[in-house]
Amino acid sequence: MNTELVIFDLDGTLLNTIGDLAASCNVVLGMHSLPQHTYEEYCGFVGNGILRLVERALPEEMRTPEFVAAVRNDFVKYYTAHIDINTKPYEGIPDLLAELVRRGVKVAVASNKFQAGTEKLVGRFFGGIPFAGVLGQRPDVPLKPDPRIVEDLLAMTGADRSRVLYVGDSGIDMQTAAAARVRSVGCSWGFRRREELEECHADHIVDRAEEILALL
């Protein structure tokens, strides 16, 4: 076995969160009497943190820093209270995490979701898994694809980057892995197209969670 740490993205990789993200954002847009969006549109809005999600959901002429920040605050409050209504793990993910732990492989989460939301979801759905680190969006820390979040997890775990797999569903994740100089695994079951993973030079692409075990 060459892998000592597997880092997972959260939304679109471990958990299908798009239903609660879409519903919550539409509720908040409705509070401001603004047009709402479809599930498919939200799949393209997510990936760069809550601020960018809100910005993309707003009409272009209303994307002032002040209004985006105000709507973001409304979103975080509503979404945090309704974060796990429709959300669920992707098929095979709980078994994969349990098997990695059984084999002595460390697991961690690196997400662009705000830290409190990341921790709440990981605790809610994977409370029995001893994650070596769970990191989301934190103040003064750049979002992915900046590699800082991976570097922080390497420091927390003591893992050698040559023995790390980074698993995600988007081009942003593949760019993050490349910037951190770790092997990347694109998962095709998430929010983005397989072509995006190919275009961003994923080292591996998997269609089922258990396929990751063969890459260790």
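Visitor: What percentage of the 216 residues in the protein is buried?
Guide: This is a predicted model. A residue counts as buried when its relative accessible area is under 20%. Among the 216 residues, the buried share is 53%.

Visitor: How many helices and strands does the protein have, and what is its radius of gyration?
Guide: The protein holds nine helices and eight strands. For 216 residues the globule rule gives 17 Å, and the protein comes close to that, so it is as compact as a globular protein of that length. Its radius of gyration is 17 Å.

Visitor: How many aromatic pairs turn up in a search of the whole structure?
Guide: Ring pairs link F75, Y79 and F114 into a cluster. F126 and F131 also form an aromatic pair. Over the whole structure, the search finds five.

Visitor: Are the rings of Y90 and W189 stacked, edge-to-face or tilted?
Guide: Their centres lie 6.5 Å apart. Planes under 30 degrees apart count as stacked, and over 60 as edge-to-face. The planes here stand at 50°, so the pair is tilted.

Visitor: How many residues apart are Y90 and W189?
Guide: Y90 sits in the loop between strand 3 (88-89) and helix 5 (93-102). W189 sits in the loop between strand 7 (183-187) and helix 9 (194-199). The pair links distant parts of the chain, 99 residues apart.

Visitor: Is W189 buried or exposed?
Guide: The cut-off for buried is under 20% relative accessible area. W189 has 17% relative accessibility, so it counts as buried.

Conventions: Residues numbered from 1 in each chain as written. Predicted model: local features only at pLDDT ≥ 70, side-chain atom pairs only at ≥ 80, totals over all residues. Heavy atoms only, no water. Helix = DSSP H or I, 4+ residues; strand = E, 2+ residues; numbered from the N terminus. Rg over C-alpha atoms; globule rule 2.2 N^0.38 Å. Buried < 20%, exposed > 50% of the residue type's maximum accessible area, 1.4 Å probe, protein only. Phe/Tyr/Trp six-rings, centres within 6.5 Å; stacked < 30°, edge-to-face > 60°.
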